[in-house]
Amino acid sequence: MQTLALKSPGRNARAARVRLCDLDELPVGLGRAFVVAGRTVAVFRTRDGNVFATANACPHKAGPLADGMLVGHQVVCPMHAFRFTADSGECDQPNVCAVTTYLVEVEGTAVFLTLPAA
Ligand code: FES
């Protein structure tokens, strides 16, 4: 797991954008965890070329979503196989709250993540 620091998070920081890695460093169909400014984020690269990011801790019982498999644009938690939608973070099970999602942008070969202000 790679740990990245924000260059100038500041005391009254707004959203912060950080370069995570090169696109080729994200395995297709799987996830990879990064620690960014103290938050563990799971980043996924789908088979059709999209990249998305969620909090790594599953909202059910904190399973590591980065270790889950992708089915289309859903990540399947490795603990109990609940599924979370990439864009909204919604869960396919009733009474389980959505996982936090983060903005990911690919520019050329670089992958950037935007974290909201803490
Ligand atoms: S911990 Fe993720 S589905 Fe239970």
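Predicted model: local features only at pLDDT ≥ 70, side-chain atom pairs only at ≥ 80, totals over all residues.
From the N terminus on, the elements of this protein run β-β-β-β-β-β-β-β-β-β, which amounts to ten strands and zero helices.

**Overall form**

- For a chain of 118 residues, the radius of gyration of a compact globule would be near 13 Å, and the protein, with 14 Å, agrees with that expectation.
- Taken along the principal axes, the box that the C-alpha atoms fill is roughly 40 × 30 × 20 Å.

**Burial, contacts and surface**

- Of the 118 residues in the protein, 42% are buried.

- Three strands form an open sheet in the order β6-β7-β8, and their pairing is antiparallel.
- The strands β6 (69–71) and β8 (83–85) stand at the edges and have a single partner strand each, so one side of each is left without a neighbour in the sheet.
- On average, and with direction ignored, neighbouring strands of this sheet are turned by 30 degrees against each other.
- Strand β7 (residues 74–76) pairs with β6 in the antiparallel sense over three bridges, and within this part of the sheet Met69 stands opposite Val76 in β7.

Conventions: Residues numbered from 1 in each chain as written. Heavy atoms only, no water. Pairing = 2+ DSSP bridges. Helix = DSSP H or I, 4+ residues; strand = E, 2+ residues; numbered from the N terminus. Axes fitted to C-alpha atoms, helices over the stretch in contact; angles between N-to-C directions. Rg over C-alpha atoms; globule rule 2.2 N^0.38 Å. Buried < 20%, exposed > 50% of the residue type's maximum accessible area, 1.4 Å probe, protein only.
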